[in-house]
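Please open the model in your viewer and keep the selection panel at hand.

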Amino acid sequence: MADVPVVARVKELRNFVQAKRLKGKSIGLVPTMGALHAGHLSLVEILRQYVECVIVTIFVNPTQFSVNEDFGRYPRQLTQDLEKLHEVKTDLIFAPHLEEMYPSDFSTRIIISGPAEVNLEDRFRPTHFEGVATVVAKLLNQAQADIAIFGEKDYQQLQVIRSLARDLDLSTRILAGPTLREADGLALSSRNAYLSDEERAKAPQLYLALCSAASLILSGMDINEALKQSTEIIVKAGMQIDYLELRHAESLAPVLSLADGPARLLVAAHLGKTRLIDNISVP
Ligand code: AMP
């Protein structure tokens with residue numbers, strides 16, 4: 001199999017898309033920050049069922065990191081990423097340089113309210129979704145794909161992107177992919193590479209705590225009581241919780257009872273120097 005072509009310029013991306021369109025091919029986009037794992041690759045495989053041509057973007061977007069976050073040490077491993085994308089069938093990799101995405105005169109920001117202002121990630125990362133929305137709007141415009149896929153792993157981000165696409169009448173359809181997990185339940189994440197062996201052994205408690213709260217809530221236990229018990233599981237595993245909340249699955253507004261509509265349990269916690277997030281549905 002020939003190597004997957006890699007381009008770094010928007011013009012090259014557009015030329016590729018235009019050539020495929022002339023041949024009547026449908027186009028799909030998988031935006032990533034690289035350091036690819038099986039979760040990312042599962043998005044490629046899902047999208048492949050919908051479109052004929054899959055483009056993966058690799059760009060560590062500085063504007064979604066705040067100054068005290070891990071932009072500098074975020075894992076960058078383009079060579080391994082290319083090998084992995086070669087294995088799942090990818091048609092093009094778009095890996096732009098910083099100046100291609102943010103030239104020195106770049107001066108636009110997209111501000112989102114709604115699901116970006118619900119006191120979850122936004123409370124702890126106040127400028128994060130501004131950066132995400134801006135880069136995703138750029139990528140969607142650059143590629144003009146029929147469909148773009150995002151993971152439920154970053155659940156609030158998914159809702160923010162859905163809002164963005166709807167509010168700005170973007171023509172790309174937004175698809176969601178389920179969270180891929182390790183055998184012990186830990187959600188795959190590029191940031192798991194930061195965990196020491198000891199932390200890695202404790203990390204699955206985050207998912208187990210979510211599952212425990214979901215089953216207690218479904219069996220009729222008071223929501224606050226169920227969340228309290230799960231908080232104890234997470235704290236016992238040595239993590240500091242940013243939030244653990246039951247929210248409406250679409251608006252992300254607080255829910256007081258399961259009768260309020262489809263619900264989602266969302267958590268963020270620190271394990272040593274690593275911040276982990278996860279979520280599950282409470283049907
Ligand atoms: P990232 O490179 O972390 O920005 O992630 C790129 C895309 O992969 C995002 O849409 C994520 O939600 C998605 N993703 C990250 N981890 C997983 C996972 N464990 N399972 C499925 N999708 C994931």
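**The second largest pocket**

The lining of the second largest pocket comprises 13 nonpolar, three polar and two charged residues. Please bear in mind throughout that the model is predicted. The volume of this second largest pocket is about 280 Å³. To find its centre, select Ile-58, Val-60, Arg-76, Leu-78 and Pro-96, which are the closest to that point among the 18 lining residues. Next, colour strand 1 (6–7) and helix 3 (78–87), the elements that each give two or more residues to the lining of the second largest pocket.

**The ligand**

Now select the ligand, which is surrounded by 16 residues. The closest of these are Met-33, Gly-151, Asp-154, Leu-180 and Leu-188.

- Show the side chain of His-40, in which an N or O atom is 3.0 Å from an oxygen atom of the ligand.
- Show the backbone of Gly-151, where an N or O atom lies 2.8 Å from an oxygen atom of the ligand.
- Show the backbone of Leu-180, where a polar atom is 2.8 Å from a nitrogen atom of the ligand.

**Gln-159**

Finally, move to helix 7 (residues 155–167) and select Gln-159, which has its place there. Is Gln-159 buried or exposed? Gln-159 has a relative accessible area of 6%, and because buried means under 20%, Gln-159 counts as buried.

Key:
Residues are numbered from 1 along each chain as its sequence is written. This is a predicted model: local features need pLDDT of at least 70, side-chain atom pairs count only at pLDDT 80 or more; totals for chains, interfaces and linings use all residues. Side-chain values use heavy atoms; hydrogens and water are left out. On a 1 Å grid over the protein atoms alone, a cavity is a set of points where a 1.4 Å probe fits but cannot get out, and a pocket is an open set with protein on both sides within 12 Å along at least five of seven lines; lining residues have an atom within 4 Å of a point. Grid points are joined across faces, edges and corners, and a volume is the space filled by probe spheres set on the points. Helices (H or I, at least four residues) and strands (E, at least two) are DSSP runs, numbered from the N terminus. Ala, Val, Leu, Ile, Met, Phe, Trp, Tyr, Cys and Pro count as nonpolar, Asp, Glu, Lys and Arg as charged, and the others, Gly among them, as polar. Buried means under 20% relative accessible area, exposed over 50%, partly exposed in between (1.4 Å probe, protein chains only). A residue is near a molecule or strand if one of its heavy atoms lies within 4 Å of it. A polar contact is a pair of N or O atoms within 3.5 Å; within protein, one must be able to donate a hydrogen and the other to accept it, and residues adjacent in sequence count only if both atoms are side-chain atoms.
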